[in-house]
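Here are my notes on the model you sent over, written as numbered points. Keep the structure open beside you and look up each spot as you go.

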Amino acid sequence: MKGLLIRKYEPADCKYLTELFYQTVHSVNAKDYTKEQLDAWASGCVDLEEWNSTLSEHLAVVAVEGDVIVGFGDIDKTGYLDRLYVHRDYQNQGIATAVCNALENAVQTDKITVHASITAKPFFLSRGYVVRKEQQVLRRGVYLKNYVCEKLRGITIRFGEMETAISIMKEVAAWGRGKGYRVWPDEWLTPEELITPDAGPESFCIGSIDGEEACAFILQWADSEYWPNAPEYEAAYLHKFCVCRCFAGMGMTSLVVDAVRAECRKRGVRRIRLDTGLDEKAVRRIYLNAGFKIVDIIDYPNGGSMALYELEV
């Protein structure tokens, strides 16, 4: 929208924002909630002092078109996006996107969380959020359905976490085994099997999101098994990458690749490499979508084949 201004919230905005909130809920959200639910959500009786207090404590912005406030939103320092509303007469004009961009950019957390209404859920999914759970929230004695959604934005990598990394690998393998997937047997997931001349205990990594363990992998700087002619530090080699189930489907591959890229740049390494079975279609799709290319295929006498992948840093 041309002429749209995003500015910081001011206490003088408060009364108008509560009116915008009421009008938006009772019009835009009416297609997804009953009148009883809408009245419980936005009764029209608000505590202006409380609203001003939370909006002032949070990072809050207001969208203005001309002299009309057409939207607003707020987020706290932990990355919880509390409110996001657009004037009922200014829907589908990019205002929610502009407000959400400002809110997401205002915090430096690894994760953004929002409790999205039925109406708002498609908007947040289009921005890369993932539904963590559906819930029923009690408001003034009435239950309303919404969705706890999260968007991951960064990951912290810790090296030298062998014991924890192997534990995560075993947990993920057990889950896959229960689903009937072909996974690593537990006897492969031991220090005796995993430590090699190319991968010592310092190569075992944990990826965490806001302090919560999210994935595990081995990152080494030589791979004499699959890339025997490559000198050390020609590439980073990613092995045994697995994602904790509570973070599945949330774009962890891209986050880990970005983190490994950053580590490569610090060391002057120009490529990231990995290997998977050629017939593992789902895994192949994940890595191709992350930007990797298959650069070689190793065929074995038993009929199996291994695909070697590479990504330029």
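1. Start with N92, which counts as exposed because its relative accessibility is 83%, and the cut-off for that label is over 50%. Bear in mind that this is a predicted model. N92 sits in the loop between β4 and α4. Check its backbone too: phi of N92 is near 60°, a positive value in a residue that isn't glycine.

2. Is R140 buried or exposed? With a relative accessible area of 56%, R140 is exposed.

3. Now step along to L144, which lies in strand β7. L144 has a relative accessible area of 7%, so it is buried; the cut-off for buried is under 20%. Which residues touch it, if we leave aside neighbours within four places in sequence? L144 is in contact with Y33, Q37, A40, W41, Q135, Q136, V137 and R139.

4. Seven strands form an open sheet with mixed pairing, and the order is β1-β2-β3-β4-β5-β7-β6. At the edges you'll find β1 (4-8) and β6, each of which pairs on one side only. On average, neighbouring strands here are turned by 25° against each other, ignoring direction. If pairing is new to you, strands of a sheet pair through backbone hydrogen bonds, either parallel or antiparallel.

5. Inside that sheet, follow β5 and β7, which pair in the antiparallel sense over seven bridges.

6. Next, the second largest pocket, which holds about 1,200 Å³ of space. Its lining has 43 residues, and those nearest the centre are F21, W41, R83, L84 and Y85. Several elements give two or more residues to this lining, including α1 (14-27), α3 (48-57), α4 (95-105) and β5 (111-117). Which element gives the largest share? That is β4, with seven residues. By type, the lining divides into 23 nonpolar, 13 polar and seven charged residues.

7. The hairpin they make has two residues between the strands, and D210 in it takes a positive phi near 50°. Why can we call β10 (residues 212-220) largely enclosed by the rest of the structure? Because seven of its nine residues are buried.

8. Five bridges join β10 to β11, and the strands run antiparallel. Here A216 has C242 in β11 as its bridge partner. On to β12: β11 (residues 236-243) pairs with β12 in the parallel sense over three bridges, and Y237 stands opposite R273 in β12. Strand β12 (residues 271-277) is mostly covered, with six of its seven residues buried.

9. Last, the whole chain. The secondary structure comes to nine helices and 14 strands. Along its principal axes, the C-alpha trace spans about 75 × 40 × 30 Å. How many of the 313 residues count as buried? The share is 44%. As for contacts with a separation of 6 or more, 64% of them are between residues 24 or more positions apart.

Key
Residues are numbered from 1 along each chain as its sequence is written. This is a predicted model: local features need pLDDT of at least 70, side-chain atom pairs count only at pLDDT 80 or more; totals for chains, interfaces and linings use all residues. Side-chain values use heavy atoms; hydrogens and water are left out. On a 1 Å grid over the protein atoms alone, a cavity is a set of points where a 1.4 Å probe fits but cannot get out, and a pocket is an open set with protein on both sides within 12 Å along at least five of seven lines; lining residues have an atom within 4 Å of a point. Grid points are joined across faces, edges and corners, and a volume is the space filled by probe spheres set on the points. Helices (H or I, at least four residues) and strands (E, at least two) are DSSP runs, numbered from the N terminus. Ala, Val, Leu, Ile, Met, Phe, Trp, Tyr, Cys and Pro count as nonpolar, Asp, Glu, Lys and Arg as charged, and the others, Gly among them, as polar. Two strands pair if DSSP finds at least two bridges between them. Axes are lines fitted to C-alpha atoms, for helices over the stretch in contact, and angles run from 0 to 180 degrees between N-to-C directions. Buried means under 20% relative accessible area, exposed over 50%, partly exposed in between (1.4 Å probe, protein chains only). Contact means heavy atoms within 4.5 Å.
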